[in-house]
Amino acid sequence: MKTTYYGQSAIMIETEGKKLLFDPFISPNPAAKHINIHNLKPDYILVSHGHGDHIADLVTIQKSSGAKVICIAEIAGWLGKQGIEAHGMNIGGGFNFDFGRVKMVNAVHSSTMPDGAAGGNPAGFVVYSEGKKAYYAGDTALTYDMKLLEDENLDWAFLPIGDNYTMGVDDAIKATRFINCQNIIGMHYDTFPVIAINKEEAMEKFIKAGINLKLLKIGESINL
Ligand code: NI
Ligand code: MN
């Protein structure tokens, strides 16, 4: 699994010959100006919830790529009204796609669409592909529900660490114990002043906790 970071919570995972784009908020992000969203061409777009900092480029990228959207039922309905077919799911449910399995899991946050339409509940995802397991938390507080992932033997987790709207660094470190995962990619930080973090301090805290934290540059890729 190759992963590329596009800022905020926008992540591409390439696996089994498919490109999975999570929470596309790229073109409005001044720090991601060098990314051309029309070159991304995902096969799937996974959406954690309806906030603008997660779906700003959703419709544009879906229309230019024809990607299948994977999201909660209410967002699938909202897309359907715009003529975009989506694969609706709900919390606790999993489905076997051609690249592997996706399970939708709980996130403690809020959700509404940019036009005020209902966005259903916010969600996270666990992706099972190429024999690996990755948890994409979306926007969430630290929650005891994360303990449900403890015995999954996750290889990687994408966790928000920016505080204010989601977990901050200290709660994200607690979350690594709940989910029993040693390899973390941080997201949802530095995009706006209220979620600016001290990256050196964050790295030090994770090192002290014995957890591998990766803070990728926008456009940087690593192999999971
Ligand atoms: Ni949000
Ligand atoms: Mn957000």
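**Reading the structure step by step**

Mentor: Let us begin with the surroundings of a single residue. Leaving aside residues up to four places away in sequence, Ser48 touches Asp23, His54, Asn121, Pro122, Ala123, Phe125, Tyr136, Gly138 and Asp139. Please bear in mind that this is a predicted model.

Trainee: Where is Ser48 found, and is Ser48 buried or exposed?

Mentor: Ser48 belongs to the loop between strand 4 (44-46) and helix 1. A residue counts as buried when its relative accessible area is under 20%. Ser48 has 1% relative accessibility, and it is therefore classed as buried.

Trainee: With which side chain does the side chain of Ser48 make a polar contact?

Mentor: The partner is the side chain of Asp23, at 2.6 Å.

Trainee: Where in the chain are His54 and His188?

Mentor: His54 is in helix 1 (residues 52-55), whereas His188 is in the loop between strand 12 (183-187) and helix 5 (199-208). The two are 134 residues apart, and the pair links distant parts of the chain. His54 is buried, with a relative accessible area of 0%, and His188 is buried as well, at 1%.

Trainee: What is the strand order of the open sheet of seven strands?

Mentor: The general idea is that strands of a sheet pair through backbone hydrogen bonds, either parallel or antiparallel. In this open sheet the order is 6-5-4-3-2-1-14, and the pairing is mixed. Strand 6 (86-89) and strand 14 (221-223) stand at the edges with a single partner strand each, so one side of each has no neighbour in the sheet. On average, neighbouring strands of this sheet are turned by 20° against each other, direction ignored.

Trainee: How do strand 2 and strand 3 pair?

Mentor: Strand 2 (residues 11-15) and strand 3 (residues 18-22) are antiparallel partners over five bridges, and Glu14 stands opposite Lys19 in strand 3. Their hairpin has two residues between the strands, and Glu16 takes a positive phi near 50° there. By contrast, strand 3 and strand 4 run parallel, joined by three bridges, with Leu21 opposite Ile45 in strand 4.

Trainee: Which strands does helix 2 lie across?

Mentor: Helix 2 (residues 58-65) lies across strand 3, strand 4 and strand 5 (68-72), and runs at about 165° to strand 4. Helix 3 (residues 73-80) also packs on the sheet, where it touches strand 5 and strand 6.

Trainee: How many residues has the largest nonpolar core?

Mentor: In soluble globular proteins, nonpolar side chains tend to be buried together. The largest nonpolar core here has 77 residues, and Phe22 and Leu40 are among those with the most contacts inside it. Helix 4 (residues 169-179) supplies the largest share of this core, six residues.

How values were computed: Residues are numbered from 1 along each chain as its sequence is written. Chains are lettered from A and ligands numbered from 1 in the order in which they are written. This is a predicted model: local features need pLDDT of at least 70, side-chain atom pairs count only at pLDDT 80 or more; totals for chains, interfaces and linings use all residues. Side-chain values use heavy atoms; hydrogens and water are left out. Helices (H or I, at least four residues) and strands (E, at least two) are DSSP runs, numbered from the N terminus. Buried means under 20% relative accessible area, exposed over 50%, partly exposed in between (1.4 Å probe, protein chains only). A polar contact is a pair of N or O atoms within 3.5 Å; within protein, one must be able to donate a hydrogen and the other to accept it, and residues adjacent in sequence count only if both atoms are side-chain atoms. Contact means heavy atoms within 4.5 Å. Two strands pair if DSSP finds at least two bridges between them. Axes are lines fitted to C-alpha atoms, for helices over the stretch in contact, and angles run from 0 to 180 degrees between N-to-C directions. A nonpolar core is a set of buried Ala, Val, Leu, Ile, Met, Phe, Trp, Tyr and Cys residues joined through side-chain atoms within 4.5 Å.
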